[in-house]
Amino acid sequence: MDKNTVLEVKNLKTYFHIEDNIIKAVDDVSFYVLKGETLGIVGESGCGKSVSCMSIVKLIETPPGKYEDGEILFNDRDMLKISDRELRSIRGNDISFIFQEPMTSLNPVFKVGEQLSETMILHRGMTKKEAHEESINLLNRVRIPNPERIINDYPFALSGGMRQRVMIAMALACEPKLLIADEPTTALDVTIQAQVLELMNELKNEIDTSIIFITHDLGVISEMCDRVMVMYAGKVAEVANVETIFGDPKHPYTIGLINSKPDLNTEATRLNVIPGNVPDLNNMPTGCPFHPRCTHALPICSSQYPDEIILSAGHVVSCWLYSSDINDGGSV
Amino acid sequence: MSNNLIEVTNLKKYFPIKKGVFRSTIGHVKAVDDVTFSIEKGKVLGLVGESGCGKSTLGRTILRLLPPTSGEVKFEGENIFEVDKKMMNQLRTKMQIIFQDPYSSLNPRLPIYDIIGEAMLQHKIAANKAEMREKVIEVMSKCELFPEQASRYPHQFSGGQRQRVCIARALAVNPEFIICDEAVSALDVSIQSQIINLLKDMQEDMGLTYLFISHDLSVVRFISDDVGVMYLGQIVEMGSKGKIFDNPLHPYTEALMSAAPSFDPKSRNTRKRIILEGDIPSPANPPSGCRFHTRCIYAKDVCSTDIPEYMEIEKDHFCMCHKVNGVF
């Protein structure tokens, strides 16, 4: 593992065994996160973006979930092999999470301050009093007005934007090396979303943490991320830096996704559409899972999953259209 | 004669806040406060605003699904709050609504036949069950659903297909006016574009009039002819979409446009952005004067004391702001 790499996930397979079915929520996914960068993971519901990130700190309930195969390297240790005790010392300390719905991820019966202090008492060995003071500090840093008062409030008394700020404060309490943000602004209004995104960017520069930003919103990806990974049906379709994803996308799914969203700044008379529905994870198409919806599908697409093809440095796509075995690097 | 299908005049909808043993009213949530606008026949009015600004309440009050506090709504010149029950029943077929969540707006115990056909029988659009089935199939195929799906139940459909069922149900009674209340917000991006195209095709083919309520500015820009911007129960700016998007006048509209994430990663460092301070105030206790003054970057003293007038700044472009109205 390169010393600039914070996290490396190799060939991760997280399956769910439900009754007699095996649901391949994450199927042979590999990616890495560099120091200080923001990696965006984008995809539609059920594509495995949340499961792959929750697998990193083993937050998937087992059973029904099962880590079938793969390695997750963080600090030169394989997260899938270390003991629960070690894992607990990493969760919320070196790797922390921000979830979509702050109301369900904050405990409703504890005051904001108590929840904030807990992490610091646990991981940073602070006394109750020190943790209390540090909590006020943290709330100040995420620009919550009157932190002395808010600290004694219960989560229900705060607005959605405020709650998400508290979640961010909590996630940053131990200055993590990696912050995983799972749709952190999806439940927020546009003007509040802009505030929270700006705050996250500022704090990221302050404490030099890496971020994995999971979202279905391409606009947020374009505002926040350095590199982007596009997922479809449990697999990685395409990875590239953010300018390439928007400027020169290669995978037919990436192209479809970008074209199907109307742009705020231009007029259009008709939207481009990806035909069909997102596949049922219970009943996955053979070969490339996107082939039933793909307008460029080749005969081989329905029988065999393509290998990763490196188009240029950092731009990797899994699609037969670019395979030299099939043609000489055709274009979409 | 004007060509307006819907005319809303000084519409208000207040919800009482009750407290104590005797449930005495201690205040009101002013969800919709003195709203006036009209929609021309065959046009799409997009209504944008953040959560709690009253856009859904406005939609429901226009359909008389909620009784108004005061004001009037005219549908083809008829004040819908004054007509009798029988007349209202007839008007109901002309005005339909499509809701956000296709999971909670379809009865899980009814097959698609009955979900779509129920209103046809009720309003005597189909004389009997056989005719109803025929017409259900017809409207389903318009919405790109297959006839063999008609005997299935809602849980057997995906989110996008359910929304197609909701659209088919709305179209079943041959309406003239449809309110789409966040109709595509719960759908995945690739499915969202399919449904938006379907809504647009239906509107063009059948000459429908829409009130398209959404918080997604890019979707509103795509589908609307005119756009209204709501903030805390009031329409603060309204005009053709070209004017609203390319030349926003009200500071709130301006902030809203600049807060929406853009698709161009290269512009993220150069783009002018207005980040509003603070949260949306409570509609139970809105700020005095201009309701936006607590978050407005241009606010002056007059804004906190005087309510700005809703003025026509240029032809068909209305705005409610002291700065734009030329007070300062």
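**The interface of chain B and chain A**

Modeller: Across the interface of chain B and chain A, 14 residue pairs are in polar contact, both residues at pLDDT 80 or more. A polar contact is a pair of N or O atoms within 3.5 Å; within protein, one must be able to donate a hydrogen and the other to accept it, and residues adjacent in sequence count only if both atoms are side-chain atoms. Four elements of chain B give two or more residues to the side that touches chain A: helix 6 (189–206), helix 7 (217–223), helix 8 (241–246) and helix 9 (251–259). Helix 6 of chain B gives the most, with ten residues. Helices are DSSP runs (H or I, at least four residues), strands likewise (E, at least two), numbered from the N terminus. By class, this side of chain B has 17 nonpolar, twelve polar and 15 charged residues. Ala, Val, Leu, Ile, Met, Phe, Trp, Tyr, Cys and Pro count as nonpolar, Asp, Glu, Lys and Arg as charged, and the others, Gly among them, as polar.

The model is predicted: local features need pLDDT of at least 70, side-chain atom pairs count only at pLDDT 80 or more, and totals for chains, interfaces and linings use all residues. Residues are numbered from 1 along each chain as its sequence is written, chains are lettered from A and ligands numbered from 1 in the order in which they are written, and side-chain values use heavy atoms, with hydrogens and water left out.

In contact terms (heavy atoms within 4.5 Å), 44 residues of chain B meet 47 residues of chain A. The area buried between the chains is about 4000 Å², with 53% from carbon and sulfur atoms. Buried area is the accessible area (1.4 Å probe) that two parts lose on being put together, summed over both. Val189(B), Phe263(B) and Arg268(B) supply 20% of the area that chain B buries against chain A, more than any other three residues.

The rule finds two salt bridges across the interface. A salt bridge is a side-chain nitrogen of Lys or Arg within 4 Å of a carboxyl oxygen of Asp or Glu. One joins Asp216(B) to Lys261(A), with the closest N and O atoms 2.7 Å apart.

Now the rings. The whole structure holds nine aromatic pairs over all chains. Rings of Phe, Tyr and Trp (its six-membered ring) pair if their centres lie within 6.5 Å; planes under 30 degrees apart count as stacked, over 60 as edge-to-face and the rest as tilted. Phe97(A) and Phe99(A) are stacked, because their centres are 5.0 Å apart and their planes at 10°.
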